[in-house]
Amino acid sequence: MIRPEEIKMSAEETGKWGMVIDQDICTGCQACVAACAMENNITFVGEVDSGYGRSMHWIRIERFWEGEYPEVKMTPQQPMMCQQCGHANCEPVCPAFATVHSQAEQLNLQVYNRCVGTRYCANNCPYQVRAFNWRDYQRPEPLQNQFNPDVTVRRMGVMEKCTFCIQRIHKAQDTAKSEGREVRDGEFTTACAQACPANAIVFGRVDQPESLVSQLKHRRHGVKHLEELGTLPNVTYIKGG
Amino acid sequence: MSEQFSRRDFLKLAGLGAATTAILTGCGPASRYVKREPYQQMPEYNSVGQSTYYATTCRECAAGCGLVVRTYQGRAIKAEGNANHPLNLGKTCARGQATLHGLYNPDRVQGPSTGDWDSAIQSVADAFKNYKPGEIAFLMGMAPDHLFDLVGDLTAAAGMDAPIRYGALSMFESRATLSKAAENLFGQPGLPWFDVGNAQAVFSFGANFLETWLSPVAYTRGFVGLRQSETKLRGVLVQFEARMSATGAKADHWVPLRPGTEGLVALAIGKLASELRGGATPRIFSGVNPAEAAEQAGVELEALEAMAQIFASNAVLAIPGGAALGQSNGLETAEAVLALNALSDNFGKPGGVYLSALAPNQTEYSGPASTEEMAGLVEKMKSGAIKALFVHGVSPVFELPAALGFKEALANVELFSFATFPDETAKEAKHVLPDHHGLESWGYQRVATGVSQSVLSGSQPVVSPYYNTRATADVLIAAAQLAGGKFAEALPYKDEVEFIQTKLAALLGEGDGSFSAPDAATFMAYFQQYGGWFKNSNALIAPDGSGALNGSIEAGEAEFAGEGEFFFVPFVSPTLAEAGANKPWLQELPDPTTTVMWNSWIEINPATAHELGVEDDDVVKVSSEFGALELPVYRYPAIRPDTVAIAFGQGHTAYGRYAENRGVHAGDLLGARFNEAGDLAFGGVKVRVEKTGRKQPLSRMESIMGVYGVGLGGEEH
Amino acid sequence: MVKKFFEWLKKPMGLIAVGIAFLALFSGFAYWLNTTQQSPDQPIQFPHKTHVAFGIQCLYCHPGASKGPAAGLPSQAKCWACHNQIAKTQSSALLAPLKDAVLAGESLEWVPVAIVPDFVQFNHRPHIAAGRNCEECHGDMSQVNVAENPQVMNMGWCLNCHIEAAGEDQEKLIKLSDCGTCHY
Amino acid sequence: MSDKQHHAEHSHEEHLREKHLMLDPLPRGKMNEMVMEAMLAKPTWKWWLVFSILAAIVAYGLFYKWGILIMKGQGEAGVMRPDYWGIFLVNTVFWIGISHAGTFISAILRVFKAEFRRPFTRAAELMTTFGLVQAGFSVFMHMGRVWLAYWLFPYPNQRMMWPNLHSPLTWDLLAITTYLLSSTMYLFLPLIPDLAMARDRSTGWRKNFYKILALGFRGTEGEWTHLRHAMNIFAFAIIPVMFSVHTIVSWDFAAATRPGWNSTIFGPYFVIGALHSGMGAAIAVLAVIRGTMKNMSYFIRGEHFDAVGKLMLIISMGWAYFFFNDYMVQWYGGDKWTQQLLHFHEAGPMGWMWFAMLVCNIVVPWAILWNPKWRATPWLVATVGLIINVGMWFERYIIIPVSVTINRMPFTWKLYKPGIEVPMSIGTVALFILLYMIASKLIPLIPVWEVQEGQMAHEFKKFGRETVVTVSELE
């Protein structure tokens, strides 16, 4: 719960984990999307539902067009996932506390088992990055063998979204703790960042100035989406070359 | 009352409540509905509750990227890139990620068609014995290489024809053309390797190197180097192609030229650039008139001049590839574009053109068969010269253009398929002897291109086989021994692993390796552990391109079959490629340029669509001289108005529930015309487009309203 | 007829009958509820008591507990390593399933006793590292044969202990009561 | 005074009597009889036909389809990204709106002592309760896991979890629950004397039924005093509840960060909208009661349609004011997404609905209700009422699924296409009517005591040559 006087409008002072996404080198190859789906047990929904806006992707790569043929240009690909806002719009509107702010990790949690499916959070998310389980999508035998045991398999009627691979965060912290040290920068990363052939996604601690994300964020001109809404997103986009 | 209500009782009561809730809500503690089987014998390197990671090689395409697969209690959970593998440095493409959807695909072939392996192996042995060596042919896919070597040993010893390798990807990459052009220009065949990362600017003539071309993960790394480097300015990418590919979408300049004029334009730019630089115009460019070239290519002369300006002021790397080479004049185009590099004097220099390093156990370049050679095979099948055909790792019924008549020719041969999935070829086969999935297999793969080192990538099973499948190498070894004689002598191995170990033994003494080992067994163990063996030094071959500018190239006009009014650009779907359609998550991935999922579409310029009177999602009939397809329209803003494009990858008639009867097969429109290197002129077809009046909504990730303004009201934007 | 029956129901005997019927239904339901709370049938009535009495440590058979999320079941090979050398294994009826399974190369199917729902990501390691003993959650195994849960493992139970463990330490409390510690 | 004059005088009085229920008194017993007769009339085959058709629609459209929805998930409905909210919430807002008029007519008019209210407070209050039932159903239909709906209520549990009091949905649920409880009480209190009347005039199971419900009301002075006090308290107390409920409903939208929703005027705009649709529904209900039940043309007359018609006209003007105020401010704000949305409203694929909304909510009522003669024509006013309801349903449809099409991420814009919502919506309408049909057979729809009370207070008095109607203060 954030009281108004606690809201700091500079994102540097909030947040723990963050991402920097370089749109100049993102090729839109969808490797991150596939990696995310494989890591997080995301279901596929088939042709009809995916065309009707019911796909469960936690990342979608946006692109627009500029100009007319032959001067037409594709705008830089823009992978959109949960921005893990420091002051998220989804959190206060959930009547059941199913989407809450993690004080420990500074992430927007989605507690699947608490979700009753009012879909208010998704409605209120300015980034439209939440995916709802519209049906009980089946994955026929033996596809379930691939399920990641560290991630809950969601069923019909609950909301889900990018978690910044919180299972990996926990695992890395657990390992570090068992070895009596802090988590090192780059010791682990999210599934999308790990797969990205262009290294366009970099993940790490935004509250540690020496981490790679912090460096990238400051070295190159990054923007945050819809920052004017005061959401304090933790994903920074680098647009130009 | 309340004092009797001890805390323990409260917990009990609460528990009772929870149990009731669990029953009512169906999501409480489900313990008693679960069964757990402990290991009978804990596998090596495993420990309870911990994941085990195995290094292996990705088999989704032939590039040979290293994978590390996370397994948990005998199940493969996640495929990651192998960070120690020099080709992909820990990265993967989308197809590599989805490889587990192949492993656990619900529609795999679950056992040999005969029911048991003994009779299956007997049938192979019978074929060896009953047919003359010349009547037996092996058709192999682009991967894996160890099996190719094994079959090579077998055929050589038994006096059969050497195995033929082929894949739709190699066709669309025009590998034969590239190698032939290198031979003509440098006097040495080989797969050129382009050092994109160190270039100042890249002129790509149809090379879709960020998608499927040769080694997309490695080339993407190169692209990042081009764009971002500590030591040089941001490099420029110029893409010359009629239809904007996902690679073209990342380009700073996209030059939409008429298909088949790439060579001409390359020469014209060379001429303009050399004039801008001053000095004598090299001989190779002397016969070109830039104004005419621009006219023929359907672009403004100013556009070519602007590109020439960039060329003149940068050390430019020119890449010929993909659609540009799949034309009747493809070889000339390849030579012209390669020669252009001579202007930048970058042969064998950083940021320039090399010939790819040969793999550790390779002595000379050997490429896949050209489509013309495949046509030769089909001829032989038809004429009865070949009576038994063994197919592994490729589905020619799907991957070859129907016009070649492969399927019809199968009537005359006894077909053995080693397919893991029930593909179109397996459906035609008399015998299906399913191989393991790549993640269940041993093997090695030579990295053909993409990296400066010489790399042999290793595979090992990360999980035990899920179905009653058997390694093809083991089947052939067993059959050869059953057949006896020279067959048995050719393959004197206990099993596949022994064969691989024997082959690797040659590397044991070699220096400069990523690791060394005292004996073969240790070497094999390290080979698996690291996911391969590679040399530490740069093994690229610097080509001799000294004469490149002094030759003369007739970049003649491309020939087109058919009377249609549109050029036709078939391109490999970047997410599905030739064999991804059976993986549901690959189907659900939006196409990088159009964001279409689960289907095929035809890309038509909006202006052309307007002329044809078609809207988005209108089904049109596309017909060439060789076939016709019906599919919905995607009004694609970045394609020439005189060109239409269809992705290759869908339109399966078999291959499992996620692939079957989905979309159309772009290959059905293609003819059997080849370029001088023997590669299919897949771009040399003209098509007609007619409205059918039906509609079929495409599943798009994008909003047609938000991106194109369709249905928003008011003017479209 | 029906009317008569309703009339009878209003009489004392009828009321008693109604009471008995209600009680019977209720006890039936209670019994059924109770059956869902019993420790389940196992392929072998495994005597934890005996093994603990031999001085075998918990972590010998369930080593995963100190390393990661799952404590795990011992592989049959591990059982056999000892039981192979115990004469009684050959004769005991109780051990017959083990013998049969090992010799036939088949798996025993155990029913887990202590289990949390799918949506709870429980990790043994930090609990052991924090100095918790196995019996604090799983009960004293030297007293029981087939393992049974000494308490219902629900969220209130988890949370109680977490809050107690945090004590006055605010940072620890935040970490230990964060939804994302267990649910993701 | 000439004969002629006298005659004119007399006919003037006659005329007034004919026109005004309050000036046309009948003995209490007679009125009781009339109401009882209307209630106890044996259902005709037509009644049964309509009843069974409605019951079938409810069984299929509402319950069977709801079962399907629960089994198969919200994918059966038309909702998706970005239209996470669809017709179920349209219906929720719509039915809450309808339920408003009941309380409005009854409580506000009672507080302000508007005499024309007397015969139809009951019918209006029933509308509140029955409307809220549909609203409740609709909101539960909307939930992805409706079987866990109890998590939204504050109750102690071992998880130490409470509902989120930051969420407008939680306020909403609490407000609606409060409203449902208080409006049911408010329906019940004035019903007591009529139930007692019915008890005294019926036999068999009905007698027992009314006996229990009438709580032993005998009509003593003390009982009346208590009842009056209670009703007064409720009438005053329920007015702020009523305003708050729809304001809170509006906060579900106004408190959200969405273009088109984030509007400060939504509170009163929703309240007036609710009254708009509620008055329309109430008048339609009155027309049906008058047309289908015995003796009702005595109780419900043209004057009532005229009075409600005037109210409808005023409310329509109020709605128009708030609508254009809301539009104006949003447009003037100049936010690019809001601009896009406003443009989409008018010119987009649902533009027809936007214009139809304006026609139904403004053009039609203004064109018809200004004319006193038309205003007193029951079928016409009822038709206008129904048209207003269509318009108001459109308004909610535009606010919810049409507006959420446009958000700040154009890559996701998509148009909503309803699925299973259609039969389920029809099911709620059918259930609403069905409940009325059942109620008409079970409880006196006309509060006889209230009518009689009014009639006793009215009388003709002669001042010189003028005959004047006087009203005395009863309470």
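Two residues are in contact if their C-beta atoms, placed from the backbone, lie within 7 Å. The legends below describe close-up views of a predicted model.

**View 1. Contact between chain D and chain B.** In this interface, 15 residues of chain D are in contact with 12 residues of chain B. The side of chain D that touches chain B takes the most from helix 12 (residues 336-347) of chain D, which gives three residues. By type, the residues on this side of chain D are nine nonpolar, five polar and one charged.

**View 2. The largest nonpolar core.** This core has 459 residues. Those with the most contacts inside the core are Leu389(B), Ala282(D) and Ile283(D). Helix 9 (residues 266-292) of chain D gives the most to this core, namely 16 residues. From chain B, both domain 1 (177-355) and domain 2 (566-708) supply at least three residues each to this core.

**View 3. Surroundings of Ile283(D).** Ile283(D) is among the residues with the most contacts inside the largest nonpolar core. Leaving out residues up to four places away in sequence, Ile283(D) touches Phe305(D), Val308(D) and Met312(D), and also Val381(D), Ala382(D) and Gly385(D).

**View 4. The two assigned domains of chain B.** The domain assignment of chain B gives domain 1 (177-355) and domain 2 (566-708). Between the C-alpha centres of domain 1 and domain 2 of chain B the distance is 26 Å. The contact involves 25 residues of domain 1 of chain B and 24 residues of domain 2 of chain B. On the side of domain 1 of chain B that touches domain 2 of chain B, two or more residues come from each of helix 7 (175-186), helix 9 (246-249) and helix 13 (330-343) of chain B. That side of domain 1 of chain B divides into 10 nonpolar, 11 polar and four charged residues.

View 5. Chain B contains 24 helices and 25 strands. The C-alpha trace of chain B spans about 95 × 80 × 55 Å along its principal axes. For 717 residues a compact globule would have a radius of gyration near 27 Å, and the 28 Å of chain B agrees with this. Buried residues account for 62% of the 717 residues of chain B. Of the contacts in chain B with a separation of 6 or more, 74% join residues 24 or more positions apart.

**View 6. The helices of chain C.** Chain C has 12 helices and zero strands. The radius of gyration of chain C is 24 Å, whereas the globule rule gives 16 Å for 184 residues, so chain C is more spread out than a compact globule. Along the principal axes, the C-alpha atoms of chain C fill a box of roughly 75 × 60 × 30 Å. In chain C, 14% of the 184 residues are buried. Residues 24 or more positions apart make up 63% of the contacts in chain C with a separation of 6 or more.

**View 7. The cis peptide bond at Pro70(A).** The peptide bond from Tyr69(A) to Pro70(A) is cis, and its omega is near 0°. Pro70(A) sits in the loop between strand 3 (65-66) and strand 4 (73-74) of chain A.

**View 8. The cis peptide bond at Pro82(D).** Arg81(D) and Pro82(D) are joined by a cis peptide bond with omega about 5°. The loop that holds Pro82(D) runs between helix 3 (45-72) and helix 4 (87-111) of chain D.

**View 9. Positive phi at Arg119(A).** Arg119(A), a residue other than glycine, has a positive phi near 65°. Arg119(A) belongs to the loop between strand 7 (108-110) and helix 4 (120-124) of chain A. Arg119(A) counts as buried because 26 C-beta neighbours lie inside 10 Å, where the cut-off is 20 or more.

**View 10. Positive phi at Thr595(B).** Phi of Thr595(B) is positive, near 65°, in a residue other than glycine. In chain B, Thr595(B) lies in the loop between helix 22 (584-588) and strand 19 (596-597). Thr595(B) is buried, since 24 other C-beta atoms are within 10 Å.

Methods:
Residues numbered from 1 in each chain as written. Chains lettered and ligands numbered in written order. Predicted model: local features only at pLDDT ≥ 70, side-chain atom pairs only at ≥ 80, totals over all residues. Core = buried A, V, L, I, M, F, W, Y, C linked by C-beta atoms within 7 Å. Buried ≥ 20, exposed ≤ 12 C-beta atoms within 10 Å, placed from the backbone. Helix = DSSP H or I, 4+ residues; strand = E, 2+ residues; numbered from the N terminus. Domains from an automatic or database assignment. Nonpolar A, V, L, I, M, F, W, Y, C, P; charged D, E, K, R; others polar. Rg over C-alpha atoms; globule rule 2.2 N^0.38 Å.
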